[in-house]
Amino acid sequence: MNCERTKEQLVDYLGSQLSASEQAELTAHLAECADCREELQAVESMWQTLGKVRVPEPSAHIRPDFYAMLATFKESVDTTPDYTLKGLWQWWLNLDIPRPILRAVYSLCLLGVGLIGGYWFSNSRTTGAADQQQIAQLATQVGNMRQMMMLALIENPSASERLRAVSYTKQLDEPTTKVVDALLSTLDNDPNVNVRLATLEALAPLAQDPAVRQGLVHSLARQESPLVQTALADVMVQLQERRSVKPLRELLKQENLDESVKSKIEQTIQTLSTGRPAAPSTPPRNDQTNLTSPAQRAAVATV
Amino acid sequence: MLRVKAGDVDRMGLLFERYHRQLFGFLYHMLGRADASEDLVQNVFYRMLKYRHTFTGEGEFRTWMYHLARNVLADYIKKNRHDRHHTDVADMAEHLGGGRRADEDLEKDQEVAQLHQALAQLSPENREILVLSRFQEMKYAQIAQVLNTTEGAVKVRVHRAMNELKTTYLRIEN
Ligand SMILES: [Zn+2]
């Protein structure tokens, strides 16, 4: 192996691009040639320094933007129905009640039968503690099932199914991170205004969780519907969330902003900046929102 | 990726999580603008969804991704030719060296900044090949697939690009 060829291969060597035999040849030459070793050192120094060049992190918008795009794409695919037999079969397969849920429902029924049966048989005996334990177990299982149902239904193409999913969360004692994430992403990306409003209503009582709070603040920039913008502004006042002032100001810069929303937001910023609570009667609490009922809002939203 | 092709579009979320940073890095090096690079990341993923049937499953997913990325990039540059955009990378290069972090060795830092500047001043072809081989850590065979060329040609180009980088760097340093 000669020096010229060695020097040509130094970058390939540093980038682990050589075959085992090529590398063996190269290192053999390097071992006996000081000149090439010196060259290697120079190239290596540049190669390492180049590796330290940093690229900025993509902004926080990149993820929600992608998922919104994905949802829109899915919708456009879903709205071109395929009525052939194969299409129907596919639709049936995609109808998402995942198998584990069906199994859970089934075993829950069995357990129910078992409990009732057990109750009948044990009525004469004194086994209160065992029953209590079983009932507690059952309650946990129901909770898990609701959560699974929620996570499965929230992806459903039908808006009414997604509304049902959101309503399940109110029956959960302690929504898990998964549920919260699903709700936040629905709030940001769901194409249906009613679903977004219901989601906001479900999220507001959970705002003692910092992740929820932050998600709500971030969501301000993502909303285009005047209804949702107004409802979110209300929640921000309820929560006395000062971090929302900046995104609210950003929102004001939007060109086609609804006039009523504009004054609402200005009012909200004013309230948050002066620190006066919005509703003079009661101080804001996490478990309270003054949103109107879902039915009322649904009626407005469909107009 | 074959599962995405089969219609399970949600899988694209996993691919996004795994590859969007890399893709952003590639585009950022080529454009020198973070905001435009982010837009193009979305654009590339959109094309993956739309043209998912063109992924044959042969070769790696990444190869296909960069293939689409290069097309998107070429479109973007064509459209913005009359803008001042082509100077963005050079602009970026001039601003480099500012905003150094205090906790790092200053001298080393300056070296990195100057090398970054040199990289930004390379011809797009040479910059691209170095970004793919050094930052994306792709094998020559994969790079050859992305660029529709041979492994031998890639090797020669990497070598040439490193030489140009060295010359440019020495010019900046002095
Ligand atoms: Zn030698």
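A polar contact is a pair of N or O atoms within 3.5 Å; within protein, one of the two must be able to donate a hydrogen and the other to accept it. With that in hand, welcome to this predicted model, in which 11 residue pairs are in polar contact between chain B and chain A, both partners being at pLDDT 80 or more.

**Where the chains meet**
- On chain B, 38 residues are in contact with 34 residues of chain A.
- Together the two chains bury about 3500 Å², and carbon and sulfur atoms account for 67% of that area.
- Gln42(B), Arg134(B) and Met162(B) supply 17% of the area that chain B buries against chain A, more than any other three residues.

**Charged and polar links**
- The interface of chain B and chain A has 3 salt bridges.
- Glu22(A) pairs with Lys155(B) in a salt bridge, with their closest N and O atoms 4.0 Å apart.

**The side of chain B that touches chain A**
- At least two residues each come from α2, α3, α6, α7 and α9 of chain B.
- The largest share, 10 residues, belongs to α2(B).
- By class, this side has 18 nonpolar, 8 polar and 12 charged residues.

**Nonpolar cores**
- The largest nonpolar core has 68 residues, and Leu23(B), Phe26(B), Phe45(B), Met48(B) and Leu165(B) touch the most other members.
- α2(B) gives the most to this core, contributing 11 residues.
- Leaving aside residues up to four places away in sequence, Leu23(B) touches Val41(B), Val44(B), Phe45(B), Met65(B), Tyr66(B) and Ala69(B).
- Another core, of 40 residues, lies apart from the largest one and includes Met149(A), Ala207(A), Leu220(A) and Ile265(A).

Note on methods: Residues are numbered from 1 along each chain as its sequence is written. Chains are lettered from A and ligands numbered from 1 in the order in which they are written. This is a predicted model: local features need pLDDT of at least 70, side-chain atom pairs count only at pLDDT 80 or more; totals for chains, interfaces and linings use all residues. Side-chain values use heavy atoms; hydrogens and water are left out. Contact means heavy atoms within 4.5 Å. Buried area is the accessible area (1.4 Å probe) that two parts lose on being put together, summed over both. A salt bridge is a side-chain nitrogen of Lys or Arg within 4 Å of a carboxyl oxygen of Asp or Glu. A polar contact is a pair of N or O atoms within 3.5 Å; within protein, one must be able to donate a hydrogen and the other to accept it, and residues adjacent in sequence count only if both atoms are side-chain atoms. Helices (H or I, at least four residues) and strands (E, at least two) are DSSP runs, numbered from the N terminus. Ala, Val, Leu, Ile, Met, Phe, Trp, Tyr, Cys and Pro count as nonpolar, Asp, Glu, Lys and Arg as charged, and the others, Gly among them, as polar. A nonpolar core is a set of buried Ala, Val, Leu, Ile, Met, Phe, Trp, Tyr and Cys residues joined through side-chain atoms within 4.5 Å. Buried means under 20% relative accessible area, exposed over 50%, partly exposed in between (1.4 Å probe, protein chains only).
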